[in-house]
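Colleague: I have a structure open and would like to go through a few of its residues with you. Could you take me through them slowly?

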Amino acid sequence: MWGLDSNVFYCHCGTVLYLLIYEPFSVFDIYRKVPKDLTQPTYTGAFISVCCCVFMLFLFLSELTGFIATEIVNELYVDDPDKDSGGKIDVSLNISLPNLHCDLVGLDIQDEMGRHEVGHIDNSMKVPLNNGHGCRFEGEFSINKVPGNFHVSTHSATAQPQSPDMTHIIHKLAFGEKLQVQHVQGAFNALGGANRLQSNALASHDYILKIVPTVYEDLGGKQRFSYQYTVANKEYVAYSHTGRIIPAIWFRYDLSPITVRYTERRQPFYRFITTICAIIGGTFTVAGIIDSCIFTASEAWKKIQIGKMS
């Protein structure tokens, strides 16, 4: 008997605690619940609900795709991005001269810091073409970050030919690290594919380059340093002090003070959540307004019809 009375006592105590603690707190509920027997489903509401869900799913997938994808942002600023390079820029050159023997082809480098190198041979290779009558020159070298030039010529040859043929095809001329990113379309090899085979055989060629430092930073913060460049060219016949024609292929360069920076970014997670909440809330709100307007209009139309019948 005592056990039954104690159970009743504990039950009453729990009810009193619920009424004292939870019941006053429930007044703060802004999401009041409507009993199901007071709601009325309609075909129009069902159609709007299905359309609403499909629309929200489409927007959610679109936002999810944008969140997962990487965005590349570019900016311009004035600075030397690669201060650890020691004031040097790596150059990669690949050029074919189909009518000039390899023994005559040489690379000369000079700049405003006093460098004057004739017949540069380090990290270079000459490949014979056309049964030895032509040559493809491939070389990798460095230049100082000051205005200067490097040129392919016969200046380093032991004996100068009578009529050197400087018609050529440039396969590659690139500066800095190799940068191949899908969504970055830059002029990293602007002279690649330049064909001068139909030019005057004795003409010199001037390629005037404006080199633009370029930095690419991935999501992990790793930076790669490369260089883009713009180019203008002219063709002319040059004579030496003895009256002989000594053609050459000149690459005259200068550096731009403007640096282009590409940065990989991904949408922050909090922004993704905020957008999803806005999609769900906004879609439900607009759908509710549309459904309410249609339902109100249909009810008013029914009343008008009943009034006419009466």
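Modeller: Let us start with T214, which counts as buried because its relative accessibility is 0%, where buried means under 20% relative accessible area, exposed means over 50%, and partly exposed is in between, using a 1.4 Å probe and protein chains only. Please keep in mind that this is a predicted model, in which local features need pLDDT of at least 70 and side-chain atom pairs count only at pLDDT 80 or more, while totals for chains, interfaces and linings use all residues. Residues are numbered from 1 along each chain as its sequence is written, and side-chain values use heavy atoms, with hydrogens and water left out.

Colleague: Which strand does T214 lie in?

Modeller: T214 lies in strand β10, residues 204–217; strands (E, at least two residues) and helices (H or I, at least four) are DSSP runs, numbered from the N terminus.

Colleague: And what does T214 touch?

Modeller: Leaving out residues up to four places away in sequence, T214 touches F188, R224, F225, S226, Y227, Q228, V260 and Y262, where contact means heavy atoms within 4.5 Å.

Colleague: Changing topic, how many disulfides does a search of the whole structure find?

Modeller: The search finds 1 disulfide, a term for a pair of cysteine sulfur atoms within 2.5 Å. This disulfide joins C102 to C135, with an S to S distance of 2.4 Å.

Colleague: Where do C102 and C135 lie?

Modeller: C102 lies in the loop between β2 (88–97) and β3 (106–111), whereas C135 is in strand β6 (residues 134–144), so the pair ties together parts that are 33 residues apart in sequence. The torsion about their S-S bond is about 100°, so the disulfide is right-handed.

Colleague: Are C102 and C135 buried or exposed?

Modeller: Both C102 and C135 are buried.

Colleague: One last topic: which helix does F60 lie in?

Modeller: F60 lies in helix α2, which covers residues 43–68, and F60 counts as partly exposed because its relative accessibility is 32%.
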